[in-house]
Amino acid sequence: IQFSIVHTLSPSATAFGGNFNKAALIFLTLILPFLRVHKLPGSPYIEVIWAAVIINIAAFSYYSYLQIQAKLEAQEKGPKILEDEDTDSDNESQEDSTQE
C-alpha cells in the first residue's frame, strides 16, 4: 500500500502523511492509558509533547486544506483557458473565411 501511495502522491505529501500518522499514534497513546508502554513524563515535558502533537496535526490539516484549495483553483482556471483558446480559434477561422 505504501509503495502505491509514494508513487501517487508528491514526496512532501507522503512525508506529511507519515508525520501525521506518528502524531496520531502519539495522540492516541496520550489519551488512552491502555496503549501506554511507559509512564508519561512529568511536567513541563508532557505539556511540550501535547503542544507538539497538536501543532503537528494542525499543520498537516492546514497543508491538506491548502492543497485542496489549489486543486479547486486549478480546476476553475483550466476550463476558462480552453474556452479562450476555442474563442480565439473560432475568430481566426471566421477572419480567414471573410478574407477569401
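This is a short tour of a predicted model, one selection at a time. Residues are numbered from 1 along each chain as its sequence is written, and side-chain values use heavy atoms, without hydrogens or water. Local features need pLDDT of at least 70 and side-chain atom pairs pLDDT 80 or more, while totals for chains, interfaces and linings use all residues.

**Whole chain.** Color by secondary structure. The chain has 3 helices and 0 strands, in the order α-α-α from the N terminus. Helices here are DSSP runs of H or I, at least four residues; strands are runs of E, at least two. Of the 100 residues, 8% count as buried (under 20% relative accessible area; exposed is over 50%, partly exposed in between; 1.4 Å probe, protein chains only).

**Residues 11-31.** This is helix H2. Its 21 residues should span 30 Å at 1.5 Å a residue, and the end C-alpha atoms are 30 Å apart, so the two agree. The expected span is 1.5 Å times one less than the number of residues.

**Ala13, Gly17, Ala23, Leu30.** These residues of H2 are buried. They cover an arc of only 145° around the axis, which puts them on the same side of H2. The arc is taken from the directions from the helix axis to the C-beta atoms.

**Phe34.** Move on to the loop between H2 and helix H3 (45-99), where Phe34 is found. Phe34 counts as exposed because its relative accessibility is 65%.
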